Every structure is written in structure tokens, then in C-alpha cells.
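Dear colleague,

I am handing over the structure we spoke about, together with a short account of what was found in it. Please look through the model first and then read the notes below it.

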Amino acid sequence: MTSATSTVPSTADGTDPTGASLLERLGEVWLELEDHLAKVPVLQRLDDGTVTLEDYMRLLFNLRQQVIDGSLWIARAASSFDIDHFELRAAAIKHAEEEHRDHFLLEADYVALGGSRQELRDGRKNVGSEALSGYLFTYASKPNPAGLLGAMFVIEGLGARRAAQWAARFQEVLGLADNQVHFMTYHQEADGAHTGDMEAILTSGLIDDATADEIVRCAQVVARLYALQLEELDR
């Protein structure tokens, strides 16, 4: 798997050096996230081929409770940017619009597996998802919450780099149809585009050193909390 550090631009051709350093630091956060994911029980079972259909349905059930909040905290962040941060506000508005139907894809997969849509909608967040959503909404309510670019780096990076791999492995082990893993496969392309847009912002010269520190710290927190929600299925 390609780590984020492999996409760090060279400063020799005029690329913003703060942006380059920022991507390198975020690449280190990504490697830490990979270490945490390697210890998640359901992902360990997926890797060794002992994962069950119940595991997969539990994973979707738990992810849905956080996915439903995705476009909401991004929209909250958009409303928190002032006119001096117009580019970030515009990017957040666009991103929220693209994300706000994602939970329907997940619900369709769950129903195709024999699950109940109403059961999903009646569910609650696990302790990791509660912590993750709480952190993101709180951060999004701050004035000009540019640090959330770190959250997007982690969450969109998982969609672009890991979701399709997970989907393919679930299909291989469980014999699932394409319409039972659509949520994960969709995100490889969609989040790949999002990460490209985000990296353009990170290397555009809009990010000063203090904001870069906020972005890295936010990425660290979100990476840990995202892994926690996968560790704490149903709890």
C-alpha cells in the first residue's frame, strides 16, 4: 500500500515548503494509523480469512452511525469560516454536498445482506464513534476550523486507500456480490478525488506554520478515534 509520504511534492520546482513538510508530517500520522488498524480484531480476522458475515454486518452497522454525521460536521465547519477563508469555506460546502448521501449506500449494502434498514436507523454510536463525532462537531464549531483538513486527510485517505481493499477481501472470503460492498468500493474513486483536492489546498500556500500544526494535531486525534470506533464494535 502506498503511504501518504510517497505523494510529498518536491520543493525544488517551487512547491510551497510548508505544504511539503505538512504532507510529510501527515504521512507519519498515516503510518501510526496503519499500526493501530493492524491491531483491530475485525480487520485481523479479515486479513487472516476467518472473518464472518456477522462481522461484516456489525462493521457496517457501527460505521453507519458515524457516517451519517459526516456531511453534518463538514457543513458545520463551512458555516464557521469567515470571508477571509473563502476558499476553505467553498471547499467544505462542496465536500458536504458530495458526502450527504453516503449513508444511503451503506444502508443498501446492509439490506442486500439481509439486514434491516430500520435496525440501522435505530442504532446508536459505539463509544469510539461517540468520541469521534463529538470531537469533530466541537472542532467544526470553532472559528475558521482549518485544522479539520487533518480529519479529512485521515477519513478520506481511508476511503481512497483502504476501503476498496477491504471490500475485495470481504468478497473473497465471504463470496459477497458487488451490491453488498458498494459503499466501500465507491469510496476508492470518490475519496481519491477528494484527497487530490485536499492535497492541492495543503500545498497551495494558504497554510501557515500554526495552521499546519493544528492540521497535524487534528489528524492525530481523528486517526486514533477512528481506529477506536473499529475496536469498539457494538460497545
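Predicted model: local features only at pLDDT ≥ 70, side-chain atom pairs only at ≥ 80, totals over all residues.

The secondary structure of the protein comes to 10 helices and 0 strands, so that, read from the N terminus, the elements run α-α-α-α-α-α-α-α-α-α. Of the 235 residues in the protein, 50% are buried, and the accessible surface comes to about 10600 Å², with 51% of that area belonging to carbon and sulfur atoms. When contacts in the protein between residues at least 6 apart in sequence are considered, 80% of them join residues at least 24 apart.

The N-terminal end of α10 is capped by Asp-208, which places a side-chain oxygen 3.3 Å from the backbone nitrogen of Ala-210. The side chain of Asp-208 also makes a polar contact, at 2.7 Å, with the side chain of Thr-211, a residue that lies in helix α10. Thr-211 counts as buried because its relative accessibility is 16%, and the cut-off for buried is under 20%.

Methods
Residues numbered from 1 in each chain as written. Heavy atoms only, no water. Polar contact = N/O pair within 3.5 Å; in protein donor to acceptor, adjacent residues only side chain to side chain. Helix = DSSP H or I, 4+ residues; strand = E, 2+ residues; numbered from the N terminus. Buried < 20%, exposed > 50% of the residue type's maximum accessible area, 1.4 Å probe, protein only. Contact = heavy atoms within 4.5 Å. Areas by Shrake-Rupley, 256 points an atom, 1.4 Å probe, with all protein chains shown as cover.
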